[in-house]
Every structure is written in C-alpha cells, then in structure tokens.
Amino acid sequence: MSSVDIKTPYSGSRTPILTINNVSKYFPGVRALDDVSMEYYPGEILAILGENGAGKSTLMKVISGLYRPDSGSISIDEDWFRNNIESGALTGTDLVNPRFTMELGIGMVYQHFQLVEPFTVYENITLGDEITKYGFVIDKKASIEKVRQISEDYGLPIHPESLVEDLSVGLKQRVEIIKQLYRNSELLILDEPTAVLTPKESQELFATMRKLREAGKSILFITHKLNEPLEVADRIVVMRQGKVVGETLPNKASRESLAEMVVGYRVQRKLDRKDLPTGDVILKVEDLEVIDKFSGKNAVDRVSFELHKNEILGIAGVQGNGQSELVSSIIGMEKIRDGFLAMIEGEKATVLNNLSIMERLKHAISYIPEDRNKEGMIPNFSVSENIWLAYQDLETDAEVATGETQQRSFLSMFTIPINLLGKLARLVIDRFNVKTPSSETKMKNLSGGNQQKVIVGREITKNPRVLVINQPTRGVDIGVMQKIHEEIIKLRNSGTGVLLVSSDLDEVLTLSDRLLVMYSGKIVADGTIEEIGMERLSHLMIGGKEGEE
Amino acid sequence: MSLNIGALAADSRRRRILVLAVSFGLSFLAMIILILVLNILGTSVDIFLVMDKTFFEPLRKPKMVALIFFWTAPLILTGLSVAIAFKAGLFNIGSQGQMMVGGAAAGIFASNIVPKTQALQFMNRPLIMIPATMLVGVLAGIIWGGIPGVLKAKTGAHEVIVTIMMNQIALSFVRYLVVSQTYSPFVDKSTGDAYGQTSAISKSAEIPLINSSFSTFLDWSIVPTILSAIIIWYLVEKTRYGYRLRAVGENISASKSSGINTNFAIISSMMISGGLAGLAGALQVQGNYHKYIFNSEGTLGFDGIAVALVAGNSALWIVISALLFGYLKQGSLNLESSTDISKFLIFTLQSALIIFIAAPLISSKLVSLTEKISRPRNVESEVNGMSQDNGGGTGGEDTEGGEI
C-alpha cells in the first residue's frame with residue numbers, strides 16, 4: 001500500500017531535516033504505526049494531531065530512538081544538526097538510539113516530567129551535564145548563571161534556586177524545556193504538553209513556543225486537542241489508527257474540519273437531550289466544610305446545595321478551588337469537618353457523614369475519580385477484574401445490570417463469581433465499545449480513552465441514583481468524549497442525579513442543567529447558565545465580586 | 001511498593017520457568033567459576049566431588065530424598081507467610097520472629113501448660129493435642145504478625161521497620177522464656193548445663209513419623225503444610241477476600257475509593273502471614289524436636305523471603321521453590337558432612353540465584369535473546385503494545401523490554 005500522498009504546503013525552498021520513510025511498528029495485537037511517512041522542516045512548529053491510540057507517541061518514540069521501527073527508515077540531516085550545535089564528534093550514524101538523538105540535539109519533553117522533585121531548578125537543569133570546577137565540585141555559581149542566562153535569552157523567567165517540588169506544573173514544564181535548551185537541543189519534541197496545564201498555563205506555553213521559534217529552534221508537538229494546532233502550529237499533520245491521514249495549514253483548517261480528519265466522521269456536537277422537569281431532591285448538602293490536609297484551612301467552605309433527580313449539576317471553577325475535595329468528601333475519600341450530607345429517598349433522609357465508603361456505595365452513589373491511574377483502576381488487573389471493583393459488594397446491582405440471577409451456595413459467598421464477572425465485562429465492553437483484545441487483557445495495556453470507557457462504563461451500568469463524576473473525559477479523544485457525554489445524558493434522562501466537575505468549561509456548559517460556580521472553596525453562584533450569564537460566570541470563576549464588573 | 005519482588009509474578013508461566021532455569025544456570029556457572037578461581041589461588045577442591053555430593057547424591061539415596069522434603073516443609077510455610085503479606089503490598093520481614101514465637105508457644109503449651117495443669121488433662125490425647133498445639137503456634141504467630149499490621153493500618157508505621165524490631169523482641173523474649181534458668185519455669189533444667197530448651201512435650205502432641213524405616217526425620221507435618229499451600233492459593237486467587245487483598249496490594253487508593261476496607265486487608269493479611277510462620281514453628285516442635293529448642297529455626301524464617309521471591313509470590317510456585325531450596329540445603333549439608341568442604345560454598349550458589357532472580361532483567365534479557373534467535377521476526381516482547389499512546393500513563397515498557 002502506498003502511503004498517503006503528502007504535499008508540502010509549508011512554503012520555502014528548505015530541505016527537510018528529518019524524513020520518515022514508510023515506517024511501521026507493530027506491537028502484539030496492534031499496528032501502532034502503519035506505513036507512516038512525513039517530513040519535518042527546520043524552524044517550524046509542527047503539530048501532530050490525533051486521538052489516543054492514533055500512534056502519535058509511538059512515532060515520537062521512534063524518532064527519539066526509543067523504539068526501533070519494524071520496517072521503514074528515518075533519515076536525519078546530520079549536517080544541519082551539526083552546523084547548529086557545536087557538540088563534539090558523533091558516532092553510529094545509521095543506528096538511531098536515544099543517546100545519539102540526544103547528542104544530535106533532539107530533545108524530548110515528556111508528558112510525565114523527568115525531574116528530581118527535591119532538587120533545585122538549576123540542579124535539575126544541569127543534571128547529567130554538570131558545570132564543575134576542579135573537575136568534580138559542582139560550580140553552583142556558574143550553573144545558576146548559565147541557567148539565568150538561558151532563561152533571559154529565551155524570555156522564560158524562572159528562579160534557578162527554587163525547589164522543583166514547590167513549582168506549579170506549568171513552571172515544572174518550563175524547567176524541562178530549559179533543560180533541553182541547556183543541552184543545546186535544536187529540535188524540541190513536546191509530548192502532549194498541555195495535558196497537565198491549566199488554560200492559562202497553556203497560553204503561556206504557546207507564547208514560549210513562539211519565542212523559541214523566533215530564536216531559531218524547531219518544535220514538534222503532539223496533541224489531541226483541536227484548538228491547539230490552530231492556535232500555535234505552522235503546519236498540522238493528522239494521524240488516525242497508526243496512519244497519517246492528512247496534512248493542513250492552520251489558516252485553511254477549522255475545528256470542524258480537523259475534528260473530521262481526526263475521528264474520520266463528521267462530529268455532531270449536538271447532544272440528544274430532552275428537557276425534563278426538575279425532579280425531587282435526591283442529595284442534600286448543607287454547610288459542608290472539608291479541611292485541606294496541607295494548609296489546614298477549609299478547602300470546602302460552608303457549601304450548601306441540592307441535587308435533583310433528572311439533573312446534571314455542573315461545578316464550574318478554576319481547578320483547585322475545592323471542587324475535587326467537595327466531590328471526594330461526598331463519596332468519603334475526604335473527611336467532613338462540619339455540616340451534613342444526606343441522601344433523600346421520598347420521605348426518608350439518610351445522613352452520609354459517618355458512613356464508610358462501602359455503605360455510601362450501597363446507597364447507590366457512584367463515583368468516578370479525577371485521576372484514573374491513581375484512584376480509578378488497578379493497572380495490573382484485567383479489564384473484568386477492574387469492572388468487578390465497582391460491583392464487588394453490590395451483587396444485586398450486578399445481577400440487575402446483566403439480567404441474570406446467580407445461583408447462591410455456601411461457597412459462592414466467598415468465591416469470586418467468575419461467570420458474573422465475564423457477563424459484566426461483556427456488557428461494559430459492548431455498550432461502551434471498549435477496544436480490547438479480551439476481557440482478560442490487563443488494564444494497563446489499554447489506551448487511556450479505553451481505560452476511561454471501562455471506568456465510566458462500570459459505574460453507569462450500575463444505574464446509580466447519584467453519580468459523582470470528576471473530569472469524565474480528561475485525556476480522551478473526541479470519539480470517546482462523545483460516547484461518554486451521551487451516556488451521562490442517558491443516565492440523567494433515566495432519573496439519576498449527576499454531580500459533574502470538569503476543568504473543561506465547555507464540557508460543563510454543554511452537559512449541565514444547572515451550574516454551581518466555585519471559587520476559593522465557596523459557592524459563589526447557583527443557577528442555570530441563562531440565569532448566570534457567560535460574562536458573569538467567567539468573572540466569578542476568577543474571584544470577581546458581584547457588582548464590580 | 002517499589003520492590004522488585006512482584007516483577008516475576010507478572011511474567012507468563014512459560015517465561016517464568018525459563019527465567020528460573022536461566023537464573024539457576026547462571027548461578028551454577030558462577031559457583032563453578034568461583035571454585036576454579038579458588039583452585040588457581042591454591043585450594044584444591046574437586047569439582048566433580050562437589051557436584052556429586054551436592055546435586056546427585058541427595059537424589060540417589062531415599063533417606064536423603066526424605067530429608068529434602070523434611071527441609072522443604074517449613075520453607076513452604078515461611079514462603080507462604082511472606083507471599084500473602086506481599087499480596088497485600090506489605091513486606092513482612094518478620095516471619096523469622098513469628099516462627100520463633102509460634103514454636104516457643106507451642107513448645108511451652110505442650111510441655112508445661114497442658115501436662116502440669118490438672119484441669120486440662122482431658123486434652124491430653126493425640127486427637128486433641130496435635131491440632132491444639134498447632135493452633136497455639138498459629139495464634140502466637142497471628143499476634144506477632146498482627147501487631148505490625150495494626151500499627152501499619154492505624155498509624156502508618158512502616159511494616160519493614162516494625163517487623164525487624166518484632167524479630168528482635170521475639171529473640172529476646174523467647175530467650176528469656178526458655179534460656180534464663182533462674183526466672184523461667186519453662187526451662188528444662190534436667191539436662192544440667194544444656195539450657196536453652198523446654199522440657200519434652202507431651203507424647204500426645206507429637207506428630208508421628210510417616211515411616212520410621214524409611215526416614216527418621218520425615219513426619220506427617222508435610223500434610224498440613226501442603227494443605228496450607230492449597231488453601232492460601234485458593235484464598236488469594238479465587239475468593240472475594242483474596243481479590244480485595246490483591247487490589248489493596250496493587251493500588252490502595254483505587255481500592256479505597258471502591259469501598260474496600262483497606263485497613264482490614266492490611267491487618268488480616270499480616271495476621272495470616274504471622275499465623276503461617278507460627279504454624280511452621282509449631283510443626284518443627286511437634287514433628288522434629290519434640291521440645292522447643294532456642295534458635296532451632298536457624299534462618300528458616302528469613303529463607304522464606306527468598307522462597308517467595310523465587311516463586312513470584314504465587315502459592316503453588318512456592319511449593320516448587322521451597323523444594324529447590326530444600327534440595328540445595330540438603331546438598332550443602334551432605335557436602336559438608338561427607339567431605340571437608342564447607343556448606344557455605346553452596347550458600348554462594350543460593351545467594352547468586354536470588355540476585356539473578358531479584359534482578360530479572362539479566363535472565364529475562366537472556367530469555368528474550370534466545371527467543372529472538374528462534375523467532376527472529378516480531379518478537380512478543382514485554383513492551384506493552386497498546387499503551388503506546390499517552391493517557392495510558394502506566395505503560396510498563398521500562399522493565400523487561402526485549403528491545404531498546
């Protein structure tokens with residue numbers, strides 16, 4: 001099969017410094033890269049756009065030499081790199097390996113930072129290539145000076161002597177970038193650089209990228225967010241299922257046209273939601289206070305609200321204003337200092353404050369945590385075992401979900417019901433279209449989007465009365481996002497009350513029937529989006545007071 | 001826990017056998033090189049004699065085969081003890097102390113408490129005494145293992161530190177009980193200067209030999225031992241409790257948010273762990289010595305760590321792993337008793353084996369290499385194929401990658 005015909009819309013007579021020729025890479029059961037060809041020109045910001053599992057990261061790893069391609073080749077214009085850096089002799093030209101690419105001046109900035117947290121900024125930057133005096137003593141002064149100089153040259157302000165662990169995520173990323181500049185990297189490869197950043201930090205990063213381009217550096221960045229390439233890239237290459245499916249320029253593309261290329265079909269942003277009358281109160285929160293473990297202050301400060309049946313209640317706010325603490329306290333992961341929390345069932349109210357997590361789950365609350373790797377799943381367990389995690393003490397729910405009654409015996413009280421596990425797994429995999437070789441595949445071998453589908457799927461199939469969901473679609477692509485949104489709406493239509501937190505304001509606005517705006521642990525507004533108004537919303541989210549707009 | 005012990009458990013069965021075989025081969029080679037180097041330096045060790053006495057003679061003579069099983073039994077129990085705690089994410093270094101406490105408690109119970117108490121005479125028959133003495137050992141172990149469990153769950157005290165200290169306390173406390181002649185009523189003073197043991201246990205608590213003409217060592221305690229291995233395997237792999245234990249060991253936050261009582265899992269796994277070690281101690285008293293002898297455990301408790309490590313903490317593999325260690329132990333003893341070569345020579349082999357297994361990359365690389373040679377294209381390496389893209393986050397390509 002011939003590769004997709006790539007025209008080179010990027011003007012200029014320059015020759016590519018990096019050419020990828022028909023590269024394929026296989027993993028057991030997957031074609032991660034399928035006959036990929038592309039060219040990279042010096043001095044441009046190239047965005048590689050694609051869904052999770054499209055092969056972007058694999059391609060980066062092939063370029064950096066971490067993976068060897070199974071077929072095809074990569075040619076690097078060594079002369080160009082050599083002319084741009086004064087580093088010494090290079091060896092092993094035909095064999096691409098991480099050390100070689102590093103010496104050549106290709107620097108990777110990974111999504112998960114490779115920093116030593118308790119070290120200072122300058123120590124991290126010079127690590128591995130320290131500036132020394134007498135041959136073995138670290139020259140602190142010179143190191144700091146060097147870091148300061150890089151930071152000034154490129155306009156990336158940082159304090160060389162602060163500890164990395166004290167820095168915000170955005171600044172940590174800046175340290176990573178300066179580290180690559182310190183090592184004379186000419187080509188920077190950024191792997192999903194905005195995944196961990198707040199919108200403001202992302203804007204700062206884009207500014208940094210533009211500055212670096214002006215300083216003559218070349219940048220290749222991979223992302224799954226549609227607006228980013230439009231904003232910052234010179235050229236966009238779109239990948240889907242291991243193939244390059246197209247290439248475009250930002251001024252010729254739109255969100256819609258990119259989305260179409262990324263997922264392969266026209267995206268319908270319109271969600272099928274009927275307007276339902278607000279139902280009865282199902283969860284009542286009054287004067288809730290949750291303490292912040294580090295500062296000892298109230299992370300959630302006297303919060304009161306009611307969640308109704310048939311309602312999606314979205315919490316809007318800049319991350320870190322108590323939203324996560326609020327939802328964790330509802331499930332019991334955080335202790336409540338004061339106030340109360342109750343489930344209402346007709347006439348009966350059950351106070352949840354002193355119930356264990358298991359008891360709360362038994363009151364048909366479901367919880368989807370913010371960080372799936374940390375709280376949501378067990379990477380070394382199979383898909384079906386991970387699904388069972390949500391059902392293990394709620395066997396009747398499992399039977400209702402699968403529509404099968406289990407035979408009960410004395411022994412079955414103690415053993416894992418393998419049949420039921422299999423049926424639950426089938427249910428979730430089919431309904432959410434999880435891409436996995438089998439239900440016995442280990443969770444860690446699934447892509448992020450599919451992991452999220454498993455987690456959301458197992459909670460939604462439980463048909464809970466209250467669903468507490470934090471960042472439902474973090475790090476997943478549009479296709480998965482669409483599916484998860486549809487399912488949340490479906491659940492709401494069936495009578496469930498959904499409490500939604502997301503750092504993606506778009507998501508909160510599209511899904512919610514009603515909004516709570518949180519700032520500094522307090523609820524500063526409560527109402528529908530029409531009642532609050534877009535302008536007032538953004539004003540309140542950043543701590544603006546009422547009436548001073 | 002970032003310990004490497006869990007690494008092997010993830011391997012496939014075929015691969016684990018290969019890794020084990022390669023590790024064994026490597027350590028074997030290391031030992032031969034060591035002997036040769038020593039010979040060059042001036043010793044005169046006959047390699048063939050060493051090989052025969054260590055590896056072949058123990059398999060030729062039925063009495064020695066029986067001895068291999070004799071050594072294997074307590075290793076299975078202490079190996080299980082370490083493994084079950086590890087399943088819950090805990091590194092129990094305290095099996096040694098738990099075994100010691102179990103043995104001492106069983107010994108004191110069967111030698112002093114029951115025989116000297118009028119009200120308990122009804123118990124003094126094998127049908128009651130044998131299981132009762134075992135139970136006393138188990139209970140003592142449960143207490144000794146439970147304390148670090150409770151401390152871990154309630155205060156966050158690290159189990160490694162606490163169990164090390166509990167070992168020390170066990171050593172001193174048991175020494176006080178059975179060595180100190182002046183204060184302790186349990187010391188056997190009849191043997192003159194040979195203190196350090198209790199008087200003989202009641203005949204009814206003794207576990208009989210399987211066949212005294214076959215072996216004067218091998219007793220029926222191998223039965224409860226194998227039963228324990230089967231029960232622990234079933235518990236961990238098939239039951240709801242085991243599922244929770246493994247979940248807690250793999251990811252405590254995810255377990256918590258799914259409503260699992262993590263404190264219960266931690267405490268109970270440490271109690272089971274202690275109970276198994278305690279049982280090992282009791283069986284030694286009942287089957288072998290017929291009294292509790294101070295420090296007769298040797299290093300059986302600590303060896304359990306190595307047994308579990310080699311078995312990748314899987315209960316059924318522990319039986320095989322313990323057999324291997326029992327075999328090496330008998331070989332080393334046979335070598336020492338029939339030649340003037342020290343058994344410590346074989347200990348170097350054992351230790352090298354543990355290093356090769358604890359550093360799975362070495363043997364795993366070799367296994368990959370042979371696989372590559374036999375199947376040159378598209379090696380099924382351990383690189384986790386589908387997590388190549390971001391968001392997966394936990395891709396395991398950093399270990400045991402066949403390539404890079």
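I began with one bridge: A:V238 is partnered by A:G246, which sits in strand 11 of chain A. Strands are DSSP runs of E of at least two residues, helices are runs of H or I of at least four, and both are numbered from the N terminus. The model is predicted, with local features needing pLDDT of at least 70 and side-chain atom pairs pLDDT 80 or more, while totals for chains, interfaces and linings use all residues. Residues count from 1 along each chain as its sequence is written, with chains lettered from A and ligands numbered from 1 in the order written.

Next I looked up the pairing: strand 10 (235–240) and strand 11 of chain A run antiparallel over five bridges. To pair, two strands need at least two DSSP bridges between them.

Then I checked what packs on the sheet in chain A. Helix 7 (199–214) touches strand 3 (45–50), strand 8 and strand 9 (218–223), where contact means backbone-placed C-beta atoms within 7 Å.

Over to chain B: is helix 11 of chain B mostly covered or mostly open? I found it mostly covered, with 11 of its 12 residues buried; buried means 20 or more other C-beta atoms within 10 Å of a residue's own, with C-beta atoms placed from the backbone. Among the elements covering these buried residues are helix 3 (62–87) and helix 10 (262–289) of chain B.

Technical notes. Two residues are in contact if their C-beta atoms, placed from the backbone, lie within 7 Å. Axes are lines fitted to C-alpha atoms, for helices over the stretch in contact, and angles run from 0 to 180 degrees between N-to-C directions.
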